[in-house]
Amino acid sequence: MTVALLSSAPSLALPGVWRGDAWAGGVSPVVTSGHGALDAELPGGGWPIGELIELLQPPSARHEWRLLLPALRLAQRQGPLVLVGAPHPPHLAALAAQGVAPDRLLWVDTAEHNERLWAAEQVLRSTTAGALLAWLPEARPEQLRRLHLAARAAMPTTTEHTGTLLMALRTDAVRPQASPAP
């Protein structure tokens, strides 16, 4: 019987396969979270652009906008902030008071899971959004992978637009499931 440590095994470079040891070597552009301690923990020093970011929280938790606001303000410089399937209408006055431009916010109101996935994919394909927040509590790993690949495919080759900040908000009950989010 031969036992080899994974680190001593020859590198298997398969296209489209992300390896766990590549975690710290982020190559995606990032946008700062606006929180120094969080940026220090995030690979690359911020939220990755053109990659899937999953935010998991207990079902009883309020969606914590203060964590995301600095990055959303920066992303809005690139294009509109799109909310797909948000559980409540956005409070435009409160968001405006926090520096999020209401005239650069789109709200796609749908409770149907497949419609949320479709809308999110269309936003990514348009390549015009600065940020996409999608509430996808029922998404399966293969559906999230599809969104992740759509975000990557939409990464521009010009410097006019840096790509879309893609965040999927989900319940922490999905923590044991596989995830395509790097």
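Guide: A nonpolar core is a set of buried Ala, Val, Leu, Ile, Met, Phe, Trp, Tyr and Cys residues joined through side-chain atoms within 4.5 Å. Buried means under 20% relative accessible area, with a 1.4 Å probe and protein chains only. This is a predicted model, where local features need pLDDT of at least 70, side-chain atom pairs count only at pLDDT 80 or more, and totals for chains, interfaces and linings use all residues. Residues are numbered from 1 along each chain as its sequence is written, and side-chain values use heavy atoms, leaving out hydrogens and water.

Visitor: How many residues are in the largest nonpolar core?
Guide: It has 23 residues, and Trp-47, Leu-81, Leu-133, Leu-165 and Met-167 are those with the most contacts inside it.

Visitor: Which elements give two or more residues to it?
Guide: Strands E3, E4, E6 and E7 and helix H2 do. H2 gives the most, five residues. Helices (H or I, at least four residues) and strands (E, at least two) are DSSP runs, numbered from the N terminus.

Visitor: New topic. Is His-148 buried or exposed?
Guide: His-148 counts as buried because its relative accessibility is 1%. His-148 is found in helix H5, residues 141-153.

Visitor: What is His-148 in contact with?
Guide: Leaving aside neighbours within four places in sequence, His-148 is in contact (heavy atoms within 4.5 Å) with Gly-50, Glu-51, Leu-52, Pro-180 and Pro-182. A polar atom of its side chain lies 3.0 Å from the backbone nitrogen of Leu-52.

Note on methods. Buried < 20%, exposed > 50% of the residue type's maximum accessible area, 1.4 Å probe, protein only. Polar contact = N/O pair within 3.5 Å; in protein donor to acceptor, adjacent residues only side chain to side chain.
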